[in-house]
Amino acid sequence: MKNLILPFHILYSIYTYTMYFILMVPVILIFFPVGLIPRNRRMIIVFYINTIWFSTWGLLTGIFMRSKGLEKIERGKDYVMISNHVNMMDMNMIGSMIKHPFQPLIKKELLSIPLFGMLFRKTAVAVDRSSPESRRASFNTMSSRLDEGTSVVFFPEGTRNTTKAPLGPFYAGAFRLAVANEVPIVPLLLIDVRKVQKPGSWLIQPGIVEMHVGDPIPTKGLTAEDVPDLMKRIHQLYWDYLIEHDEVFKDFEGEKVAALTGK
């Protein structure tokens, strides 16, 4: 049966990618003049562009995005938002659902991807994780963004989680930044993304993916010494939430991956 379905699965996947890139062309053309607008106004315009882009793509492909708890992100407040990282859907979901000025931290390698690189140069802060100097510079840049009223988004796992576990270990950067600037951490929990695209596979199937916004976690009064405990507490929150709400992990019985610190 799988052998009969596979050709249709391949054709559908090719169709979804084709529609994605066709719709990207006018977006890129619009982003060039938008890049001249001051950052916070620019990011709100980017939100509306992304919403139209991905909503249209969803209608054409049968991949729908839903959100829960967006009211927890209050206008006029700065946040360090963190998200689990699975596949290409992650940034699409966040960028088209959060109507709040923000910039994500991304790996510098993404800047070299055709088309995507141009988009990320207008909307993100890039870091070379292998370079201490680059990590320090990106930390300072993200702190400046918070001072300017722009929230920031991190994927604390550092890369896509391609394991069978709900979550990979965390890097400490997002938590250090939140504590240093005394801004709340907002958990963004991406649910059922693996049902649409399995890790390590280019094949896609129609479905519904969700972004759940957790309660903001205050950091006021915390110090650098509190970062390891904060990381472990939030890692546990993610782990338990994903097992409870993501259908892929309903029967997961693997051991918990310990949160890494000092990276």
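This is a predicted model: local features need pLDDT of at least 70, side-chain atom pairs count only at pLDDT 80 or more; totals for chains, interfaces and linings use all residues.
Select K108 to begin: with a relative accessibility of 42%, K108 counts as partly exposed.

**Stop 1: the partner of K108.** D128 and K108 form a salt bridge, with 3.5 Å from N to O. D128 sits in the loop between strand 4 (125-127) and helix 5, while K108 sits in the loop between strand 3 (102-107) and helix 4 (116-123), so this pair ties together parts that are 20 residues apart in sequence. Is D128 buried or exposed? D128 is buried, because its relative accessible area is 16%, which falls under the 20% limit.

**Stop 2: helix 5 and helix 6.** Colour residues 132-147, which are helix 5, and residues 173-181, which are helix 6. Two packed helices are described by the angle between their axes and the distance between the axes. Here the axes come within 11 Å and cross at roughly 45°. That angle makes helix 5 oblique to helix 6. The crossing of helix 5 past helix 6 is right-handed.

**Stop 3: R145 and E148.** Now pick R145 together with E148. Their side chains meet in a salt bridge at 4.0 Å, N to O. R145 is buried, at a relative accessible area of 14%, whereas E148 is partly exposed, at 42%.

**Stop 4: K77 and E74.** Move on to this pair, whose side chains also form a salt bridge, 3.4 Å from N to O. Side chains of opposite charge can pair when their charged atoms come close. K77 has 42% relative accessibility and so counts as partly exposed; E74, at 39%, counts as partly exposed too. How many salt bridges does the count come to? The count comes to seven.

**Stop 5: helix 3.** How many of the nine residues of helix 3 are buried? Nine of the nine are, and helix 3 is mostly covered. Click through the helix and you will pass M89, D90, M91, N92, M93, I94, G95, S96 and M97, each of them buried.

**Stop 6: a nonpolar patch.** Keep the surface on and select L11, I14 and W202. These residues make a nonpolar surface patch of about 320 Å². I14 belongs to helix 1, which covers residues 2-34. With 43% relative accessibility, I14 counts as partly exposed.

Note on methods
Residues are numbered from 1 along each chain as its sequence is written. Side-chain values use heavy atoms; hydrogens and water are left out. Patches are made of residues with over 30% relative accessible area and no salt bridge: like charges are joined within 9 Å, nonpolar side chains (Val, Leu, Ile, Met, Phe, Trp, Tyr) within 5 Å. Accessible areas come from the Shrake-Rupley method with a 1.4 Å probe; for residues, only the protein chains shown count as cover. Helices (H or I, at least four residues) and strands (E, at least two) are DSSP runs, numbered from the N terminus. Buried means under 20% relative accessible area, exposed over 50%, partly exposed in between (1.4 Å probe, protein chains only). Axes are lines fitted to C-alpha atoms, for helices over the stretch in contact, and angles run from 0 to 180 degrees between N-to-C directions. Angles under 35 degrees count as roughly parallel, over 145 as roughly antiparallel, 65 to 115 as roughly perpendicular and the rest as oblique. A crossing is left-handed if the near helix is turned anticlockwise from the far one by less than a right angle, and right-handed if clockwise.
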